[in-house]
Amino acid sequence: MKTLTTQNLKFIDNYLKKSEIIYDDIRMELTDHIASAVEEKMQTENIDFYDAFKSFMILNKKELLKKFSGSGFKSFEPIKSFGLFLLKPHVILFAAFFFFGIFFFQLQIDKSYFVKEFHHYWLLCLFMFGIFHFSYFNFIKKKRFFAVEQSFFVLSIIYYVFIPFSNPTHVEDYNLIFWTDISILFFSIAFLLFYVNRIKKYYNNKHIWN
Amino acid sequence: MKNSSLYKGSLNTIIMKLLEEKGRMYGYEITQKVKAITLGELNITEGALYPALHKLEAEGLLEVEVEKVDNRLRKYYKLTEKGNKETVNRLAELEEFIKNMQNIVNPKLSY
């Protein structure tokens, strides 16, 4: 069986990069897929790498780029995964301790002050988290992982579901706003754990991470 | 994928059945195996296969092993314990479906 050279593989990877397949993990898998198909073509049709590559891409380019390039690759998978993550025993245990603790904490604080200040701190944390993620993966790691970035979809869902009930200028029931803010806080912490969990999956696999 | 609506619903079960038999497989290998079994009748496209594999992985039905093969990285998929149990359920469901469809399409055979 003819095998591709490192140069050939680099060519495929660059081609995918130029075709806006921006995630390293997706590109790694597609490079292997295309390379396997090209090797088979080279073997069975007795042609060189460039002819085999061209012949494969003529037939498959549309399907590949439509599904995987840039913003065309959408998935609701993170929502389902986050839902399953929330049902894990250690997350349920954490939720129980969290809400139990908050129940006693709320008896001793001024809720109106809390709801007025919560948003500023929450948005600041969100901003800092975004800066950290963007800087680390774009400038230090110089790699982007599909499953990690897709998980931000969960964060936007948390934002849009809870924010309408959490604005002190529109809702006057401080008790409702307080518990909405506490729910935002809980889901944000749960999201952070979910995010770390996803990164750990890549980190544990040195081939992908390095 | 040929006759998309009929086959699409069974894609996950097809993948899981192949992995149950082979232990672990990579994407291209799955497409070629399906092509060979169906004598070229069923062609799974990359656009259908990889999102299905990623979804099954996210659901905890598949796990992944990455290895360096022929100068490149290859992602192998295999069933988890949960995936093995789910495969049995899904195959039973599929068989039941085929049986019912056969009864509808060709009632004489069911007597």
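Predicted model: local features only at pLDDT ≥ 70, side-chain atom pairs only at ≥ 80, totals over all residues.
Let's step back to chain B as a whole. Its secondary structure comes to six helices and three strands. If you follow the chain from the N terminus, the elements come in the order α-α-β-α-α-β-β-α-α. The C-alpha trace of chain B spans about 55 × 30 × 20 Å along its principal axes.

In general, most residues other than glycine have a negative phi. Leu39(B) is not a glycine, yet has a positive phi of about 55 degrees. You will find Leu39(B) in the loop between helix 3 (27-37) and helix 4 of chain B. Glu20(A) sits in the loop between helix 1 and helix 2 of chain A.

Now to the place where the two chains meet. Chain A brings 30 residues to the contact and chain B brings 25 residues. About 2,400 Å² is buried between chain A and chain B, and carbon and sulfur atoms give 57% of that area. What polar links cross the interface? There are 14 residue pairs in polar contact between chain A and chain B, counting pairs with both residues at pLDDT 80 or more. On the side of chain A that touches chain B, the elements giving two or more residues are helix 1 (6-18), helix 2 (24-45), helix 3 (49-68), helix 4 (77-86) and helix 10 (206-209) of chain A. Which of them gives the most? That is helix 2 of chain A, with 11 residues. By residue type, this side of chain A divides into 13 nonpolar, eight polar and nine charged residues.

Charged partners are worth a look of their own. Over all chains, the count comes to 20 salt bridges, and six salt bridges are found across the interface of chain A and chain B. One salt bridge joins Glu39(A) to Arg72(B), with the closest N and O atoms 2.9 Å apart. Another salt bridge brings together the side chains of Glu59(B) and Lys80(A), at 2.7 Å from N to O. This pair crosses between chains: Glu59(B) is in the loop between helix 4 (46-58) and strand 2 (62-69) of chain B, while Lys80(A) is in helix 4 of chain A.

Finally, turn to the aromatic rings. The structure holds 34 aromatic pairs over all chains. Among them is the pair of Phe132(A) and Tyr136(A), which is stacked, with 5.9 Å from centre to centre and 15 degrees between the planes. Why are these two residues separated by about one helical turn? Phe132(A) and Tyr136(A) have that separation because they are four residues apart in helix 6 (residues 111-140) of chain A.

Notes
Residues numbered from 1 in each chain as written. Chains lettered and ligands numbered in written order. Heavy atoms only, no water. Contact = heavy atoms within 4.5 Å. Buried area = accessible area lost by both parts, 1.4 Å probe. Salt bridge = Lys/Arg side-chain N within 4 Å of Asp/Glu carboxyl O. Polar contact = N/O pair within 3.5 Å; in protein donor to acceptor, adjacent residues only side chain to side chain. Nonpolar A, V, L, I, M, F, W, Y, C, P; charged D, E, K, R; others polar. Phe/Tyr/Trp six-rings, centres within 6.5 Å; stacked < 30°, edge-to-face > 60°.
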